[in-house]
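Thanks for coming. I will go through one structure today, a few places at a time, so please keep the display in view.

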Amino acid sequence: MRLRDTDRTVSAYPATDGIRRRIAAAPMSVLSAATIAVVLSASPTIVAADESEDPRVGTSLSDQSEALRQPAVAATRSLGSPEAVDLSDRFPPAGFQTKSDGASWALAYATMSYYLKGSRDTFSPSFVHDLINRGRACRHAYSILDAAKTIEAVGLVETSRYPYRSDCSEVPTALMEEAKRGRFIRRLDRVTPLRASTVRSQLAKSDPVVVALDLPAALASGNPGTTVVEARAGGRTLGTQAMVVVAYDSRRHALKLLNSWGPSWGDRGGAWISDATFDGYVREGWVVRPDAPPAAKNPSVATETPRDRVSEDGS
């Protein structure tokens, strides 16, 4: 974990773990609105996004002490691993984020839909965002770990039941109780060491990796097609954003990130970055262990490779 002391961090409310376990074990007949409210009242201390910043960038980094308590997943190398894997086609189309809810898009909409929905309805990012921000201004950033713990405590609902909106709303209690009828996240594993090689070993097993990265300026406007973007070390960044690593190509030393800035950003909502850019800019990475059999667990060997690289100045 490369977490800086000066970064804005959030508490993952460890004091409520016992309450969360009771919620997970309780039948719906005894799962009261009051019990759910106790958990949500211990929501993380969230820092408001700077109004001058792009509202689409605003993911917080996880609290370091809480992150280090999560199970770790390390790189494994198996004989016969493909040189390239691309899971993109098994994800829903890239969504369009309009507020600081990148963690909910990456985890709920993209990753949980990949594991549990297949080609069916997606899970609502607004549901998770509104739960975390209840009683607060709408533009408050939070971490991937906070989003995961909210899903673990309350659950998920489909986008058709709770559509995406640019503002925030109070989540109806009845919908929270409906959400808890499904169990979704068994645990969240921390990727360590946080390197491109570790991520490739997970993708080879059809497990995408949810990351928070300092967004290099070279990625701000996406990139043409499958060109690999390389950002120089120490270059200008535009804030922290949550994305999902959905593909790799060892022949080009590149990884593909799925963002939530719409399908016109980059390559159908995704962008290829070099291994070196990943190692230099990604701050934390997580692998979801779903609490149900995954919908898709056969890796796709990529047939298309990234084209020539593009540097930060576009050359």
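This is a predicted model: local features need pLDDT of at least 70, side-chain atom pairs count only at pLDDT 80 or more; totals for chains, interfaces and linings use all residues.

Start with L116, which is in helix α4. Is L116 buried or exposed? Its relative accessibility is 14%, so L116 counts as buried, given that the cut-off for buried is under 20%. Now find D291 on the display. L116 and D291 are 175 residues apart along the chain, and 9.3 Å separates their C-alpha atoms.

Stay in α4 and go to T111, which lies in that helix too. T111 has a relative accessibility of 0%, so T111 is buried. What does T111 touch, if we leave out residues up to four places away in sequence? The list is F91, A106, P208, V210, V244 and V288.

Next, how α4 sits against another helix. Helix α4 covers residues 102-116 and helix α6 covers residues 144-154. Their axes come within 9 Å, and the crossing angle is roughly 50°. Because of that angle, α4 is oblique to α6. The crossing of the two, α4 and α6, is right-handed. Which residues make this contact? On the α4 side they are A103, L107 and A108, and on the α6 side they are I144, A147, A148 and I151. Sorted by class, the contact of α4 with α6 has seven nonpolar residues, with no polar and no charged ones.

If you are wondering about the spacing of those numbers, there is a general point. An α-helix has 3.6 residues a turn, so residues three or four places apart point the same way.

Helix α6 also meets helix α5, which is residues 125-132. Here the axes of α5 and α6 come within 10 Å and cross at roughly 95°. The two helices, α5 and α6, are therefore roughly perpendicular to each other. From α5, the contact uses F127, V128, L131 and I132. From α6, the contact uses D146, A147, T150, I151 and V154. By class, the contact of α5 with α6 has seven nonpolar residues, one polar and one charged. Note that A147 and I151 of α6 are in the contact with α4 and in the contact with α5.

Now follow the chain past α6. D167 is in the loop between α6 and α7, where α7 is residues 173-179. How accessible is D167? Its relative accessibility is 44%, so D167 counts as partly exposed. D167 touches K99, D130 and C138, leaving out residues up to four places away in sequence.

Most residues other than glycine have a negative phi, and most peptide bonds are trans.

The peptide bond that joins T192 and P193 is cis, with omega about -5°. P193 lies in the loop between β5, residues 185-191, and α8.

S206 is not a glycine, and its phi is positive, near 70°. S206 is in the loop between α8 and β6, which is residues 209-216. With a relative accessible area of 0%, S206 is buried.

R268 is not a glycine either, and its phi is positive at about 55°. Look for R268 in the loop between β9, residues 254-258, and β10, residues 270-274. Is R268 buried or exposed? Its relative accessible area is 54%, so R268 is exposed.

Both of the loops at P193 and S206 involve α8, so to speak of α8 itself: helix α8, residues 196-203, is mostly covered. How many of its eight residues are buried? Seven of the eight are. They are A196, T198, V199, R200, S201, Q202 and L203.

Last, the whole chain. The protein chain has nine helices and 12 strands. Of its 315 residues, 55% are buried. Take the contacts in the chain with a separation of 6 or more: residues 24 or more positions apart account for 81% of them. The chain exposes about 12,700 Å², and carbon and sulfur atoms supply 50% of that.

That is the end of the tour.

Key
Residues are numbered from 1 along each chain as its sequence is written. Side-chain values use heavy atoms; hydrogens and water are left out. Axes are lines fitted to C-alpha atoms, for helices over the stretch in contact, and angles run from 0 to 180 degrees between N-to-C directions. Helices (H or I, at least four residues) and strands (E, at least two) are DSSP runs, numbered from the N terminus. Angles under 35 degrees count as roughly parallel, over 145 as roughly antiparallel, 65 to 115 as roughly perpendicular and the rest as oblique. A crossing is left-handed if the near helix is turned anticlockwise from the far one by less than a right angle, and right-handed if clockwise. Contact means heavy atoms within 4.5 Å. Ala, Val, Leu, Ile, Met, Phe, Trp, Tyr, Cys and Pro count as nonpolar, Asp, Glu, Lys and Arg as charged, and the others, Gly among them, as polar. Buried means under 20% relative accessible area, exposed over 50%, partly exposed in between (1.4 Å probe, protein chains only). Accessible areas come from the Shrake-Rupley method with a 1.4 Å probe; for residues, only the protein chains shown count as cover.
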